[in-house]
Amino acid sequence: LSAMPLVADETDANGNSDSTNEPEATAASAAPQRRTWLPPGLQVSGYLNLAADAAHNFTDGLMLGAAFRTSWELGCSTTLAVLFHEVPHEVGDVAILMQAGFGKGRAIRAQLCTAVGALLGTLFALTTGRDEASTLLNFTAGGFVYVATVDVLPDLLKETGLRQTAYQLCAMSAGIGLMVAVLFFEMS
């Protein structure tokens, strides 16, 4: 990152300035130019998404490691749940990175790098004892409940149409049904 040149906000990717050669100085042209460390064409939202995804993957890793530390069956069912959650999530993150200016290959490589967070979280959880594993499971479950109540639920409550409400009820019922099915498979 330190090898990247500073790029002024008022220049395009080729370094051409939009300023004119007029002799009179205005207040806007006298103000110092804001500089950024970002390469031309990339938005900060892409890097913020990568940081958030690495933290998210770390908590997924904590959950996986703690689940396997608790029991093999719980670890396998948790792995399946995380897999079904992460595949569409990572595809969506690649799309966000591409929209932020990353090329397709670079976006995929950057997303793969965030998977290191999951490995670190898993290793951390596996090095804890069995008693701490249950605490880690409670911590990660609380994080998921927090995200659901603070981020997802308000968006769901904005929709007031009968058809949309029916779709949401069906989706929620299907989710609860899947959790009950996993519970029965774990018990048998």
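Helix H2 (residues 44-70) and helix H5 (residues 130-158) pack at an angle of about 140 degrees, and their axes lie 8 Å apart. Here the axes are lines fitted to C-alpha atoms, for helices over the stretch in contact, and angles run from 0 to 180 degrees between N-to-C directions. Helices (H or I, at least four residues) and strands (E, at least two) are DSSP runs numbered from the N terminus. H2 and H5 are therefore oblique to each other; angles under 35 degrees count as roughly parallel, over 145 as roughly antiparallel, 65 to 115 as roughly perpendicular and the rest as oblique. The crossing of this pair, H2 and H5, is left-handed. A crossing has that name if the near helix is turned anticlockwise from the far one by less than a right angle, and is right-handed if clockwise.

On the H2 side, the contact is made by Thr59, Asp60, Leu62, Met63, Ala66, Ala67, Arg69 and Thr70, while H5 brings Arg130, Ala133, Leu136, Leu137, Phe139, Thr140 and Phe144. Contact means heavy atoms within 4.5 Å. Sorted by class, the residues joining H2 with H5 are nine nonpolar, three polar and three charged. In this scheme Ala, Val, Leu, Ile, Met, Phe, Trp, Tyr, Cys and Pro count as nonpolar, Asp, Glu, Lys and Arg as charged, and the others, Gly among them, as polar.

The model is predicted: local features need pLDDT of at least 70, side-chain atom pairs count only at pLDDT 80 or more, and totals for chains, interfaces and linings use all residues. Residues are numbered from 1 along each chain as its sequence is written, and side-chain values use heavy atoms, with hydrogens and water left out.

Thr70, in helix H2, is partly exposed, with a relative accessible area of 28%; buried means under 20% relative accessible area, exposed over 50%, and partly exposed in between (1.4 Å probe, protein chains only). Apart from neighbours within four places in sequence, Thr70 is in contact with Arg130, Ala133 and Leu137. Thr70 and Ala133 stand 63 residues apart in sequence, yet their C-alpha atoms are 6.5 Å apart in space. Asn49 also belongs to helix H2, but this residue is buried, with a relative accessible area of 14%. Beyond its neighbours within four places in sequence, Asn49 touches Asp93, Ile96, Leu97 and Gln111.

Glu90, Asp93, Val94, Leu97 and Met98 in H3 meet Lys104, Ala107, Ile108, Ala110, Gln111 and Thr114 in H4. The residues of this contact of H3 with H4 comprise six nonpolar, two polar and three charged.

Helix H6 (residues 162-187) holds Thr165, which is partly exposed at a relative accessible area of 32%. Not counting residues up to four places away in sequence, Thr165 touches Glu159 and Thr160.

Taken as a whole, the protein has six helices and two strands, arranged along the sequence in the pattern β-α-β-α-α-α-α-α. Of its 188 residues, 21% are buried. Among contacts between residues at least 6 apart in sequence, 74% join residues at least 24 apart. The accessible surface of the protein comes to about 13200 Å², with 68% belonging to carbon and sulfur atoms; such areas come from the Shrake-Rupley method with a 1.4 Å probe, and for residues only the protein chains shown count as cover.
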